[in-house]
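Here is a short briefing on one protein chain. Look at the overall build first, then the core, then the sheet.

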Amino acid sequence: MTSSNENVFKTTSGSWHVWALSDGYLDMPASLLRDADNNPVHADAKADETLRLSVNCFALAGPGVEGILIDSGGGGWAPTLGRLEKTMIEAEIDPALITVLALTHTHQDHVHGLLTPDSRVLFPNLKSIVIPEAAVSGFHAEAQLAQFRPLLTPIRDGEHVAERLTAVALPGHAPGHTGYAFRTDENSFLFFGDVVHVPALQFANAAFSWSYDDDQPTARATRRRVFDEAVATGTWIAGAHLGWPGIGRVVRHGDAYDYRPAT
Ligand SMILES: [Zn+2]
């Protein structure tokens with residue numbers, strides 16, 4: 001059972017609900033997309049040519065996972081981001097109900113949504129910010145977010161955020177980059193952060209990497225592993241930069257893959 005508009009997508013699995021919540025989008029230089037030899041895929045792109053990345057956050061509700069948000073979007077970090085508060089209102093989710101924010105990594109488009117673009121605290125009742133252990137220093141580097149440091153709750157691969165919600169190391173993109181696996185009685189979901197930046201090209205060409213992947217060979221291997229496991233297990237994938245609604249299935253065609261957005 002699903003419902004959606006252009007900013008909110010909600011799917012229900014048994015007693016659990018999963019929302020994709022749009023925070024906006026980022027237009028990034030096309031030259032950031034690299035082939036397996038680290039050459040720009042769009043070698044003849046003009047300097048001002050851009051690729052549009054959607055920026056999505058995800059909320060969970062149901063027994064054991066009430067009040068959990070995965071990534072917070074970019075807040076005032078970029079003018080095309082910071083839509084999350086409006087989107088949550090459209091989704092009828094009161095930000096005051098969010099008590100746990102689980103971060104996939106600490107790049108600005110995932111963490112600065114702790115503050116609204118006009119610098120208000122978006123989640124007044126937040127009790128913990130679950131963060132990959134290796135990403136803590138990255139969070140500390142964001143001086144505007146200093147007030148949230150006491151909430152940091154470091155986590156490692158395989159540890160539980162909540163019943164049914166487990167951290168999964170997905171190395172390559174950023175220090176400690178981590179996904180969150182969620183199991184209902186009927187479905188599994190993997191909130192995989194930045195395993196994919198350009199869905200229109202990286203499913204067909206899983207070797208294509210993003211310049212901001214710290215370790216491109218590792219990011220590439222992680223992407224193939226995630227795709228293969230999602231195909232084999234029928235897991236729903238949910239990504240910060242997956243094409244709207246940010247949740248879908250992976251299918252395999254020989255060496256290539258395809259993304260089927262949820263409907
Ligand atoms: Zn990102």
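Of the 263 residues of the protein chain, 46% count as buried (20 or more other C-beta atoms within 10 Å of the residue's own, with C-beta atoms placed from the backbone; 12 or fewer is exposed, in between is partly exposed). This is a predicted model: local features need pLDDT of at least 70, side-chain atom pairs count only at pLDDT 80 or more, and totals for chains, interfaces and linings use all residues. Residues are numbered from 1 along each chain as its sequence is written.

**Overall build**
- The protein chain holds 5 helices and 17 strands (DSSP runs, H or I of at least four residues for helices and E of at least two for strands, numbered from the N terminus).
- The C-alpha trace spans about 50 × 40 × 35 Å along its principal axes.

**Cores**
- The largest nonpolar core has 60 residues (buried Ala, Val, Leu, Ile, Met, Phe, Trp, Tyr and Cys joined through C-beta atoms within 7 Å).
- Trp19, Leu21, Phe58, Leu101 and Ala238 touch the most other members.
- Strand β3 (residues 16-29) gives this core its largest share, 5 residues.
- A second, separate core of 11 residues includes Val55, Val198, Phe208 and Ala240.
- Beyond its neighbours within four places in sequence, Ala238 is in contact with residues including Ala20, Phe58, Phe189 and Ile247 (contact: C-beta atoms, placed from the backbone, within 7 Å).

**Open sheet**
- 7 strands form an open sheet of mixed pairing, in the order β10-β11-β12-β13-β15-β16-β17 (strands pair if DSSP finds at least two bridges between them).
- β10 (160-162) and β17 (256-261) are at the edges with a single partner strand each, so one side of each lacks a neighbour in the sheet.
- The twist averages 35 degrees from one strand to the next (axes are lines fitted to C-alpha atoms, for helices over the stretch in contact; angles run from 0 to 180 degrees between N-to-C directions).
- Helix α5 (residues 216-233) packs on the sheet, touching β13, β15, β16 and β17. The direction of α5 makes about 95 degrees with that of β16.
- β11 (residues 165-169) and β12 (residues 178-183) run antiparallel, joined by 5 bridges. Val168 stands opposite Gly179 in β12.

**Hairpin**
- β2 (residues 8-13) runs antiparallel to β3, with 6 bridges. Thr11 stands opposite Val18 in β3.
- β2 and β3 form a hairpin with 2 residues between them. Gly14 in the turn has a positive phi of about 60 degrees.

Key
Contact = placed C-beta atoms within 7 Å.
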